[in-house]
Amino acid sequence: MAPTAEKRKVGEADVQKLRQLLEGTDASVLTPSDAGYSASIERWSRAAEKPSGVSIVPTSAEQVAVAIKYASEQNLDVAVKGGGHSTAGASSTNGGLLIDLGRMRKVNVDTDKQLFHVQGGCLWGDVDEAGWKHGLATVGGTVADTGVGGLTLGGGYGMLSGQRGLVIDNVVGATVVIANGDIEKASKKENADLFWALLGAGQNYGVTTEFVLQAYPQSDVYMGSMVFLPTLENVTKLVKAVNELYHIPEGGVSKSRGRGMGLLGLAKPPEAGGKSVILFFASHDGPEDEGKALFKPFSDIGPIVNTMAAGPYPQVNKMVPSMIGMRSSMKGAAFVLPIREQFVSDMLEKYESFSVQCDDAAASLVAWELYDPTKVVASEEGSFANRGFHLNSLIMPTWTKAENDQQCRQWARDMSLMFQHELETHGEATSDGIEGGASIRGHKGAVMLYGNYDQYDEKSKDIFGTNYHRLQQLKAKYDPTNVFNKLFPITPEAASNGHL
């Protein structure tokens, strides 16, 4: 079967065959008339929802393997849902076969080896809570209800990244159901090529039913949020404080010393009564007195809300509220320090203007994510091609009415373009990428955009850069008919001289 063959929708005969194949197991085979179907196709963003032809809700890798083998042989369209946070609709299928891992949420903690064995349907909150019972943590997502699978397979930034690198830098092993239905173990010692591909491009190679993550001793964290009125004086002071805390002097280390993250954001939280504010979410992995000293320049500005306090590590990934049931999308961009106060003011003006034009989108967010990337840059693990001293920004329109889809997504593109122009103002040579997109070009030929955020216009070669060719070869080995093709799909390359 050619890898470009169009995938087909599920028919009644497929549903009956799948029920037969999974008979005697506790896997659920759900169609629109079955209880539980609606929950299987729900997504964090309502704009990313699609009606599957059938939803398979397994409890084991073996059950996943049965469904994937059948889908591959029958050329069915396939999607995989972990946490359901993809705003590009990559975890949804219109009429195809959906693998919903929502019943596979066990976390087993090996305290002797300090390892987490995490099933593929887990959310980061599951991992945080399980590890905390033993005083352990690993690099995880910054929002507790984000799925482990999607975030990990795309690289993964978290509060501990300044000390421990990306999530993929802490993956020890994985269990993967590949396109032919085989269940494979992957690590540096076993199927090392597949393991390399998983760490950055994993959504293209199978269904990961278990991750093995390195864990570390973890104590309380100093964390919380501050809310500021968007005055020119506050913008000036906030930008100065951010730059001083997170800037890395040449040949030196940042004042944050890699022990925390921050998020500077423009938002209209409900408690602000429809008014725009500047948010600062922050964390410091250290004692309270140390954290207070680090963030004193911020508290001295005079926030109208200040929740900074010491608390258990799992709370750090619950600081950013998750609004379920809205229409939302993510558009990524890149920026470098120092942030200019004029740029923040310009973005604030555009944010306000958009709020007037689309009063349905008051929950939208613009954010500058802050941390010390030194540890991330030092690693070369996996196929992830976007390491650099740039930082990630997020433009996230959030709205309720389907008729506003195009307007909200276009606003995100326009705001992203402002980040590109700001890079040029800093003297950075921006790149149009290999096949589109706009950011700094990295040393691996990829544009410096975080694929887990940027799900609009960029092509696969933009995200994977010079790693793309090797990924094509591995795609031909593990998924020659392109069963897994939803987010930054990789075209399989034909084998050369009978081997790869």
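I began with a definition: two strands pair if DSSP finds at least two bridges between them. Helices (H or I, at least four residues) and strands (E, at least two) are DSSP runs, numbered from the N terminus.

**Entry 1. The model.** I noted that this is a predicted model, in which local features need pLDDT of at least 70, side-chain atom pairs count only at pLDDT 80 or more, and totals for chains, interfaces and linings use all residues. Residues are numbered from 1 along each chain as its sequence is written, and side-chain values use heavy atoms, with hydrogens and water left out.

**Entry 2. Confidence.** I looked up pLDDT, the predictor's confidence in each residue, from 0 to 100. The protein has a mean pLDDT of 91, and 92% of its residues reach 70 or more. Over residues 433-438 the pLDDT is below 50, yet beyond near neighbours in sequence this stretch has 21 contacts in the model. I took contact to mean heavy atoms within 4.5 Å. Residues 495-500 also have pLDDT below 50, with four contacts beyond near neighbours in sequence. Where pLDDT is low, the predicted coordinates should not be read in detail.

**Entry 3. The record.** An unreviewed UniProt entry lists residues 47-218 as "domain: FAD-binding PCMH-type". UniProt positions are given in the numbering used here, feature names are shortened, and annotations may be inferred rather than shown by experiment. In the model, the end C-alpha atoms of residues 47-218 lie 37 Å apart, and the span is 24% helix and 26% strand.

Entry 4. I found an open sheet with mixed pairing and the strand order 1-2-4-3. Strand 1 (28-30) and strand 3 (78-81) are at the edges with a single partner strand each, so one side of each has no neighbour in the sheet. On average, neighbouring strands here are turned by 20° against each other, direction ignored. I noted that axes are lines fitted to C-alpha atoms, for helices over the stretch in contact, and that angles run from 0 to 180 degrees between N-to-C directions. Strand 3 pairs with strand 4 (residues 97-100) in the parallel sense over four bridges. Lys81 has Asp100 in strand 4 as its bridge partner.

**Entry 5. Helix 3.** I followed helix 3 (residues 61-73) across strand 2 (54-57), strand 3 and strand 4; it runs at about 160° to strand 4. Helix 1 (residues 12-21) packs with helix 3 at an angle of about 145°, the axes being 10 Å apart. Which residues meet? Ala13, Asp14, Lys17, Leu18 and Leu21 in helix 1 meet Val66, Ala67 and Tyr70 in helix 3. The residues of this contact divide into six nonpolar, no polar and two charged. Asn75 has a positive phi of about 60° although it is not a glycine.

Entry 6. I found a second open sheet, with antiparallel pairing and the order 5-6-10-8-9. Strand 5 (107-110) and strand 9 (183-187) stand at its edges, each with a single partner strand, so one side of each is left without a neighbour in the sheet. Neighbouring strands of this sheet are turned by 15° against each other on average, direction ignored. Strand 5 and strand 6 (residues 115-119) run antiparallel and are joined by four bridges. Asp110 stands opposite Leu115, and Val107 has Val118 as its bridge partner. Their hairpin has four residues between the strands, and Gln114 takes a positive phi near 55° there.

**Entry 7. A cis bond.** I checked the peptide bond from Leu337 to Pro338, which is cis, with omega near 0°. Pro338 lies in the loop between strand 18 (331-335) and helix 11 (341-357).

Definitions and conventions: Ala, Val, Leu, Ile, Met, Phe, Trp, Tyr, Cys and Pro count as nonpolar, Asp, Glu, Lys and Arg as charged, and the others, Gly among them, as polar.
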